[in-house]
Amino acid sequence: MEYFVIIISAIFVNNIVLSQFLGVCPFLGVSTKVSTAAGMGGAVVFVITLATIVTYLIQHYILVPLEITYLQTIAYILVIAALVQMVEIILKKVSPALYQALGVFLPLITTNCAVLGVAIMVIQKNYNLVESTVFAFSTAVGFTLSLVIFAGIREHLALINVPNGMKGIPVALISAGILALAFMGFSGMV
Amino acid sequence: MNQVKNFTKGFLKENPVFILLLGMCPTLGTTTSAINGLGMGLATAFVLTMSNIVISMVKNFIPNKVRIPSFIVIIASFVTVVDLSMAAYLPALHEQLGLFIPLIVVNCIVLGRAESFASKNGVFSSLVDGLGMGLGFAFALTILGSVREILGSGKVFGFDMHIFPKGVDGILVFVLAPGAFLALGYLISIVNKINKKSI
């Protein structure tokens, strides 16, 4: 039951993009086509889950025992950057098909603030390892969900006539606002 | 290169938020009020200026292949400095901005300026560039924060502007998440309009 609450709250109620504003750059950047959005989403689910597990272990087995938690930010960002590189190399060797699908998105993920954000959030929320993993996974699923929905909206936006000054990013932001408004309807659920 | 131009380009012509669309996460996440926007903007400006200075100083010692990780470590050090000093001297603001302070590390503007400007230019130009871009970012965040605060609660920096009739507190949605997207969308369209006229 507890896990169920974490999952629902991370995917719908506290959606990482639409209510916490993390990962807005890829949200606006790679949301012009549904297929690329789904590819990016898959890569993000993979990296966020893995990065959260690794940073959780580093926090509790290296930083806390050595009393150097003030190095948190530096340690995390280095681990995430190294991890993304490593995932890329392993994927290339082990599963070329998956690498083909996710490859181009992997380097972009290092600068996705959702990854570092989730890693820090699970420490602040005092989750244990299993809860952290569940939270990270469902947060990433929430990211993918909003990204794919938004890409669907933008595919339709490309077809309609928009006033001059609103073309491109402004109208995309306003659609995102309306989407966020729709997601607020979930707020009573948890 | 004209230093004045170098400094002022960050405000409108190459404004990181309105034109370059970098650093959207803190822009949307921290601008619930003008003061929060200003605080976040100044924290980012400090990190941007300091990391620009240091990177332009050490650029000749860093091998090209490991430059991005080295830049990130330098940036992360300054972010830690800001994080700890804010927690010590401005605990209320630190509490409000929360997660977004450590996330300055992954703000695209900081790494973007390090890579595209500080790694190619001298110390003084990099300082001016960092300061200009940083203050431009702070300027954009303060404007967005003011717009959201005035529509959301009828106040700016906590002062009541009396724009709403008695008994109406404001349009709550502008303080909440959707309002951030809406307000930024309209602001960018206005800036687009102004820029097109001046060309």
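Reply: What follows describes the contact between the chains and then the salt bridges.

This is a predicted model, in which local features need pLDDT of at least 70, side-chain atom pairs count only at pLDDT 80 or more, and totals for chains, interfaces and linings use all residues. Residues are numbered from 1 along each chain as its sequence is written, chains are lettered from A and ligands numbered from 1 in the order in which they are written, and side-chain values use heavy atoms, with hydrogens and water left out.

The contact (heavy atoms within 4.5 Å) takes 35 residues from chain A and 34 residues from chain B. About 2900 Å² is buried between the two chains, and carbon and sulfur atoms give 86% of that area. Buried area here is the accessible area (1.4 Å probe) that two parts lose on being put together, summed over both. On the chain B side, the residues that lose the most area to chain A are B:L99, B:V106 and B:F181, which together make up 23% of what that side buries.

Across this interface the rule finds zero salt bridges, a salt bridge being a side-chain nitrogen of Lys or Arg within 4 Å of a carboxyl oxygen of Asp or Glu. The rule also finds zero residue pairs in polar contact there, with both residues at pLDDT 80 or more. A polar contact is a pair of N or O atoms within 3.5 Å; within protein, one must be able to donate a hydrogen and the other to accept it, and residues adjacent in sequence count only if both atoms are side-chain atoms.

Helices α2 (24-29), α4 (67-89) and α8 (177-198) of chain B each supply at least two residues of the side that touches chain A. Helices are DSSP runs (H or I, at least four residues), numbered from the N terminus. The most comes from α8(B), with twelve residues. By type, the chain B side divides into 26 nonpolar, seven polar and one charged; Ala, Val, Leu, Ile, Met, Phe, Trp, Tyr, Cys and Pro count as nonpolar, Asp, Glu, Lys and Arg as charged, and the others, Gly among them, as polar.

Over all chains, the structure holds two salt bridges. In one, B:R67 pairs with B:E115, the closest N and O atoms being 2.7 Å apart. This pair links helix α4 to helix α6 (residues 108-118) of chain B, 48 residues apart. B:R67 is partly exposed, at 25% relative accessible area, and B:E115 is partly exposed at 25%. In the other, B:R113 meets B:D129 at 2.9 Å, N to O. B:R113 lies in helix α6 and B:D129 in helix α7 (residues 123-153), 16 residues apart. Both B:R113 and B:D129 are buried. Buried means under 20% relative accessible area, exposed over 50%, and partly exposed in between (1.4 Å probe, protein chains only).
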